[in-house]
Amino acid sequence: MSDSDRAAARARNDALRADVDELLATFERQRRGLAEAQARLASMTVTAWSSDNLVRVESNTAGVPVQVHLEPEAFKRSTPEKLSRSITEAVQSAARQATEAAEQAYAPVEEVAGDVPDLPDLVPGAPSIRTLVDSLFPDPAPTPPPVSMDPEEEDSYYRERRYLEGDR
């Protein structure tokens, strides 16, 4: 092997080493960013109200309710069915907010990841890490449309105590 061949091989080796060093530095920035995001999310909660302001739900960033609060007038102004829908609406809203908070917390990590090749780029046929990350944040189910009760029917519902019979 000639000196020029050795010099060319050394140059290629140095370039490859620089690429690997940069890749490792990027992974380390990603790891630190991920740890910081996880720490922020572990202590964060989100709060959502139902549209009728009768139900407040506080959830962790995984979307799991940690507290549900019913306003005292909820039992005077609503039926069990409507209150159930209000709770569902508030829980789903809190879940959406939790997903948004998690996406915002992980955004810096994803920015760093944009420069790093995905696994299928390196190993043909391997699963995509980007697809896996995207699957971590599914959209919650949509809120069903509210079913309203005529105010007079609602008054008779309570006046006649039909709520005790489970009748609607």
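In what order do the elements of the protein run from the N terminus on? The order is α-β-β-β-α-α-α-α-α, which comes to six helices and three strands. Helices (H or I, at least four residues) and strands (E, at least two) are DSSP runs, numbered from the N terminus.

This is a predicted model, in which local features need pLDDT of at least 70, side-chain atom pairs count only at pLDDT 80 or more, and totals for chains, interfaces and linings use all residues. Residues are numbered from 1 along each chain as its sequence is written, and side-chain values use heavy atoms, with hydrogens and water left out.

Of the 168 residues in the protein, 26% are buried (under 20% relative accessible area, with a 1.4 Å probe and protein chains only).

Helix α1 covers residues 3–42 and spans 58 Å from first to last C-alpha, close to the expected 58 Å (1.5 Å times one less than its number of residues). Its buried residues are Thr26, Gln30, Gly33, Ala37 and Leu41.

Strand β2 (residues 55–60) pairs with both β1 and β3; pairing requires at least two DSSP bridges between two strands.

| Pair | Sense | Bridges | Residues between strands | Positive phi |
|---|---|---|---|---|
| β1 and β2 | antiparallel | five bridges | five residues | Asn53, near 60 degrees |
| β2 and β3 | antiparallel | five bridges | four residues | Gly63, about 85 degrees |

Ala48 lies opposite Val57 in β2, and Arg56 lies opposite His69 in β3. Val57 belongs to the covered face of β2, with Val55 and Ser59, whereas Arg56 belongs to the uncovered one, with Glu58 and Asn60.

Notes:
Buried means under 20% relative accessible area, exposed over 50%, partly exposed in between (1.4 Å probe, protein chains only).
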